[in-house]
Amino acid sequence: MARLELRNVNKRYGSGLPDTLKAIDLAIDSGEFLILVGPSGCGKSTLMNCIAGLEQISGGEILVEGADISAMSPKDRDIAMVFQSYALYPTMSVRDNIAFGLKIRKMPQSAIDEEVARVAKLLQIEHLLARKPSQLSGGQQQRVAMGRALARRPKIYLFDEPLSNLDAKLRVEMRTEIKLMHQRLKTTTVYVTHDQIEAMTLGDKVAVMKDGLIQQFGTPQQIYNDPANLFVASFIGSPPMNFIPARLQRQGGRLMALLDSSQGRCELPLSRDIQGLEAREVVLGIRPEQIVMGGAEGNGLPSIRAQVQVTEPTGPDLLVFVTLNQTKVCCRLAPDVSCCIGDSLALQFDPARVLLFDSASGERLDLAAPACVTQDNVARFTGR
Amino acid sequence: MTSHRWFSPSRLAIHATLLLACALYLIPLIVMLLTSFKSPEDIRTGNLLSWPHVITGSGWLTAWDAVGGYFWNSVKITLPAVLISTLLGALNGYVLSMWRFRGSQLFFGLLLFGCFLPFQTVLLPASFTLGKLGLASTTTGLVLIHVVYGLAFTTLFFRNYYCSVPHALVQAARLDGAGFFTIFGRILLPMSVPIIMVCLIWQFTQIWNDFLFGVVFASGDAQPITVALNNLVNTSTGVKQYNVDMAAAMIAGLPTLLVYVVAGKYFLRGLTAGAVKG
Ligand SMILES: Nc1ncnc2c1ncn2[C@@H]1O[C@H](COP(=O)(O)OP(=O)(O)O)[C@@H](O)[C@H]1O
Ligand SMILES: [Mg+2]
């Protein structure tokens, strides 16, 4: 168990190549579960390999319990990693796969046997110990890979997309198991995924990455409710957040966003007043579940009528698509709402939940304080 | 799929062609075998494919007397050369696939050049080098030449094989605390059986059958069996003893034949490994 801190970490694979990681700053406390999310190729695996010591960093520091480990070899870092491909040693039995690291570390045989038994019990793979990896199903291989990481009781676990090769059902099961396991063992963990449900459900902290930069670092709730920019807002959430271009106007001392449908207009008062935004083109960010059916008159929320264009019943929800400001907008309504294509619906928004983005840079305009503290964003915010 | 019956016309045509090809390949071998067991009179009077009147092993005994010593020379040259070149090739392939360094691709490219280098072009530089090393006309020198010349091939075999092995295996082993040689010996080598077989067969055939290096770099009693066979067959004195020649040729060829019979199935498997991933 250990506190992990990355300070200004840079990684370049070769001179002449662009930086793969740019000024990464992260810190998680002992026992915390950090999720790294981002599109493919953004540098997640590179960051994991740098923490593990499989790649040398080009700049910055990696601290475990306050001590810089960036010059240490992987074997001295006391970090275990679970690979996306599992990377089980194909010629060794499951038992030997789990015991390999312990044997290399010269642990006495009796202690090794004990440890293998403990891990096998924890992961319910006792009946598989004599098999070769090729005789296991994908899910079983995944468990063995986790067992190999658990056996050494390292300071930090790294998981690089551990569930992405499993089918959907097994993935959900293993997700829950990993969460339970972490609650039991409380080992500091960094977990890479591009599955946003894994990101939201597993993490104590989430770091959203793009092009080698941390876009935002915070709790899952902060990331979901208070995304720092358009990229984070669009990356997290399914169905994704609606982005509606709109013009701002000052009326009676309040800043209003104008919304237009073929059936009406609405002036949405913004919850935060920001000077200098009048007559600017901005992007409003509204999550589908934050658009509600009008009806209860007099609840004070602004409302607009719009024509239903498509409906998608998903089971737990009814997704209804309408057009506002010439943009397709998804509304997530209760499944028992009866509405057909062509119907006119009264929709309401809670202005306090509407987010404001700069349409040019994509940055949030109404953030109280930047939740994300990367150099890059600080510079962008203070520069404006 | 038209038919599974073996006697369908197309099947018949295929089998006939295969049988013909088989016969074409086997007839020389049969002639050699028959002749080696005939007496000289028998050879003069009968035709090539006729059965021996009396089966006699005297040809084989004379042949063994003539080339037996050289047979062991060949063993002494081939075994160390095959083993060393295979082991070094495996190490090279391991480094060139899993521990790439700056310029390793260029290094590999240049090494590949060795595969296309004709034997003749290296004769003079090699004999010069062996002379400088004090290894001229020694078995050690000949082994060295075979190892160096074989490295290009063995490295190519192992490097390509290891390129299809996921790099994550090495990464996982490094995190488990294994070092360079432990990873090689405990993880890579055990999964290399097919390619080791390919290498052993390839190198054994090349080195056992080599004539040029043997005739140039070995002299007198240290010559390999290929050179001895040539000397035996080309002696111009006395009556041609075809039965002895044939028996000696069979003795020279038997080890490679044996290697293919014993390990041949690995050869195909190793060459196609990676193409079909399990
Ligand atoms: N060994 C390497 N040499 C050069 N470039 C690399 C290497 N590994 C990864 N990259 C590059 O770094 C970037 C990030 O890759 P990666 O960390 O694997 O992304 P992710 O895991 O987020 O999909 C990619 O553009 C990739 O091409
Ligand atoms: Mg990756």
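Colleague: In which helix of chain B is B:Thr35 found?

Modeller: In this predicted model, B:Thr35 belongs to helix H1 of chain B, which spans residues 9-36.

Colleague: Is B:Thr35 buried or exposed?

Modeller: A residue is called buried when its relative accessible area is under 20%. B:Thr35 has a relative accessibility of 6%, so B:Thr35 counts as buried.

Colleague: Which residues does B:Thr35 touch, apart from those up to four places away in sequence?

Modeller: With that exclusion, B:Thr35 touches B:Ile43, B:Tyr242, B:Asn243 and B:Met246. As for its polar side-chain atom, this lies 2.6 Å from the backbone oxygen of B:Val31.

Colleague: Let us turn to a loop residue. Where is the place of B:Ser192?

Modeller: B:Ser192 sits in the loop of chain B that runs between helix H8 (180-188) and helix H9 (193-209). With a relative accessible area of 0%, B:Ser192 is buried.

Colleague: With which side chain does the side chain of B:Ser192 make a polar contact?

Modeller: The partner is the side chain of B:Tyr162, at 2.8 Å.

Colleague: The ligand remains. Which residues are around ligand 1?

Modeller: The shell comprises A:Tyr13, A:Thr20, A:Ser40, A:Gly41, A:Cys42, A:Gly43, A:Lys44, A:Ser45 and A:Thr46. By class, two are nonpolar, six polar and one charged. Helix H1 of chain A (residues 44-52) gives the most to this shell, with three residues.

Colleague: Which distances describe the backbone around oxygen atoms of ligand 1?

Modeller: A polar backbone atom of A:Gly41 is 2.6 Å from an oxygen atom of the ligand. For A:Lys44 the corresponding distance is 2.8 Å, and for a backbone N or O atom of A:Cys42 it is 3.3 Å. Ligand 1 taken alone exposes 560 Å², of which the protein buries 56%.

Definitions and conventions. Residues numbered from 1 in each chain as written. Chains lettered and ligands numbered in written order. Predicted model: local features only at pLDDT ≥ 70, side-chain atom pairs only at ≥ 80, totals over all residues. Heavy atoms only, no water. Near = heavy atom within 4 Å. Polar contact = N/O pair within 3.5 Å; in protein donor to acceptor, adjacent residues only side chain to side chain. Areas by Shrake-Rupley, 256 points an atom, 1.4 Å probe, with all protein chains shown as cover. Helix = DSSP H or I, 4+ residues; strand = E, 2+ residues; numbered from the N terminus. Nonpolar A, V, L, I, M, F, W, Y, C, P; charged D, E, K, R; others polar. Buried < 20%, exposed > 50% of the residue type's maximum accessible area, 1.4 Å probe, protein only. Contact = heavy atoms within 4.5 Å.
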